[in-house]
Amino acid sequence: MRILVLGAGFGGLELTTRLSDELGDAVDIVLIDKADGFVFGFSKLDVMFGRTTPEAVRHPYRDLVKPGVRFVQTTIRSIGPERRRVQTDAGEFEADVMVVALGADLDPAATPGLVEAGREFYTVDGAFAGRDVLDSFGGGRVIVGVTSTPFKCPPAPSETALMLHDYLLERGLRDSSQISLVMPLGVPIPPSPAASQALLAAFAERGIDWYPERLVRSLDPQRRVAVLADGEEMPFDLFLGVPVHRVPAVVAESGMCVDGWIPVNPLTLETAYPGVYAVGDVTSVGTPKAGVFSERQASVVADQLIARHGQAGAAPTYDGKGICYIEFGHDRVARVEVTFLTGQRPNGQFDEPSDLLLADKANFGTSRIRRWFGRDWTSYLRPARRRTRPAALRCAGSRPG
Ligand SMILES: Cc1cc2nc3c(=O)[nH]c(=O)nc-3n(C[C@H](O)[C@H](O)[C@H](O)COP(=O)(O)OP(=O)(O)OC[C@H]3O[C@@H](n4cnc5c(N)ncnc54)[C@H](O)[C@@H]3O)c2cc1C
């Protein structure tokens with residue numbers, strides 16, 4: 001079986017790892033990505049807030065050596081789902097099975113004024129550059145604002161606000177700063193009332209202003225105000241934005257999308273095209289756009305391909321489960337386990353923020369790097385710089401929960 005995996009993010013890495021571990025050289029897998037390495041979404045925030053360095057969080061694909069897998073670093077220019085064929089800068093590839101795991105692209109230019117007057121922190125480059133922006137920030141009004149739905153990792157803007165609070169406190173700038181969080185959701189984590197309550201309490205304790213059910217439509221670079229969808233204006237000195245999300249252009253042009261995303265069978269992740277699957281952020285499967293969901297969907301596709309290779313019966317189907325870790329600041333992490341099943345109200349089990357869960361989250365990252373890249377991620381949180389916290393500030397801010 002020739003398998004073409006488009007995209008080496010959460011979904012593509014999990015899929016190729018599972019297939020290689022279980023089928024080895026018996027299948028011929030080509031994994032394509034335009035990037036030279038993988039970066040976890042949460043590592044973007046770690047770099048932005050100076051908790052680690054860009055080098056420590058980039059996992060080069062050259063380390064990816066797996067039986068049956070050939071990694072090709074190139075840009076995909078067109079996708080032909082009928083023939084399971086792609087055109088790339090490195091030539092044409094065709095296969096018996098194709099899996100689209102190309103994620104969601106970010107389009108900061110779609111929000112007027114964001115590029116000129118704000119800072120997006122969702123791309124790797126944007127988040128890494130955010131480190132210098134924050135370093136040179138002298139205090140003032142900061143808005144963490146979402147510009148459209150859907151957006152990746154719904155807890156990330158809340159985490160950003162909480163981590164920003166710690167960061168400004170450490171730098172002695174919290175008293176002269178105001179943090180506002182503008183989100184389209186009514187509560188921070190809708191499937192988990194307990195998680196939402198804990199986050200709202202943490203915002204209140206830290207004096208973070210919460211603006212629910214709002215979207216930022218544009219920024220006025222001259223007046224330095226954010227204009228919300230309802231017309232309200234909010235002045236800012238620093239705007240940290242979550243940009244508009246859309247499928248990569250090559251996916252939009254492939255004819256596979258309906259209403260902007262690739263529809264799939266929610267149990268098998270098959271698309272409307274025979275032998276073509278899609279997993280993760282590029283789909284409209286109904287789970288949030290987060291790596292844990294991409295990974296589990298990829299694993300279901302792997303189960304089906306393994307069953308097909310062995311001519312076995314039915315493989316397990318997708319259950320919509322995922323575990324999200326939430327940074328609460330003060331070096332504490334909470335965990336939400338959520339299940340999204342078609343036709344059912346999603347429900348989430350919440351574990352309060354703790355030091356233990358900080359270790360759990362680290363293990364989540366390091367175990368994936370071990371499985372996907374076959375090496376230890378020893379520099380998981382290598383301090384980027386040493387900051388001495390003034391003694392008076394060390395006890396400021398109380399711990400949640
Ligand atoms: C700040 C932040 C924090 C986050 N925190 C978390 C978290 O704690 N937990 C969590 O589960 N998720 C988190 N996420 C979300 C997570 O990063 C994504 O949801 C996840 O990476 C999606 O996986 P995917 O496999 O669908 O796509 P991706 O991981 O985005 O992979 C898609 C790949 O396709 C490649 N690609 C795209 N177009 C082309 C092309 N034309 N040619 C070749 N290659 C191409 C890209 O280079 C990319 O490597 C966070 C995201 C952000 C921004």
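R296 is partly exposed, because its relative accessible area is 36% and that class lies between buried, under 20%, and exposed, over 50% (1.4 Å probe, protein chains only). The model is predicted: local features need pLDDT of at least 70, side-chain atom pairs count only at pLDDT 80 or more, and totals for chains, interfaces and linings use all residues. Residues are numbered from 1 along each chain as its sequence is written, and side-chain values use heavy atoms, with hydrogens and water left out.

The side chain of R296 meets that of D319 in a salt bridge, 2.8 Å from N to O. A salt bridge here is a side-chain nitrogen of Lys or Arg within 4 Å of a carboxyl oxygen of Asp or Glu. R296 belongs to helix α9 (residues 291–309) and D319 to the loop between α9 and β21 (321–329), so the pair links distant parts of the chain, 23 residues apart. Helices (H or I, at least four residues) and strands (E, at least two) are DSSP runs, numbered from the N terminus. D319 is also partly exposed, at 23% relative accessibility.

In total, the structure holds 24 salt bridges. Side chains of opposite charge can pair when their charged atoms come close. D96 sits in the loop between β8 (91–94) and β9 (97–100) and R2 in strand β1 (residues 2–6), so the bridge ties together parts that are 94 residues apart in sequence. D96 is partly exposed, with a relative accessible area of 28%, and R2 is partly exposed as well, at 34%.

Another salt bridge pairs E14 with R371, with 3.1 Å between the closest N and O atoms. E14 is in helix α1 (residues 10–23) and R371 in helix α10 (residues 355–373), distant parts of the chain 357 residues apart. Here E14 is buried, with a relative accessible area of 5%, whereas R371 is partly exposed, at 33%.

Leaving out residues up to four places away in sequence, L15 touches V5, V99, A298, V301 and A302, where contact means heavy atoms within 4.5 Å. L15 and E213 are 36 Å apart in space, C-alpha to C-alpha, and 198 residues apart in sequence. In helix α10 there is T366, buried at 12% relative accessibility. Beyond its neighbours within four places in sequence, T366 is in contact with W377 and Y380.

The last topic is a pair of helices. Helix α2 (residues 41–48) and helix α6 (residues 156–170) pack at an angle of about 20 degrees, with axes 11 Å apart. Axes are lines fitted to C-alpha atoms, for helices over the stretch in contact, and angles run from 0 to 180 degrees between N-to-C directions. The angle makes α2 roughly parallel to α6, a term for angles under 35 degrees. The contact is made by L45, D46 and M48 of α2 and by A156, E159, T160 and M163 of α6. By class, this contact has 4 nonpolar, 1 polar and 2 charged residues; Ala, Val, Leu, Ile, Met, Phe, Trp, Tyr, Cys and Pro count as nonpolar, Asp, Glu, Lys and Arg as charged, and the others, Gly among them, as polar. D46 is also part of a network of salt bridges that links it with R51, E327 and K361.

Definitions and conventions:
Angles under 35 degrees count as roughly parallel, over 145 as roughly antiparallel, 65 to 115 as roughly perpendicular and the rest as oblique.
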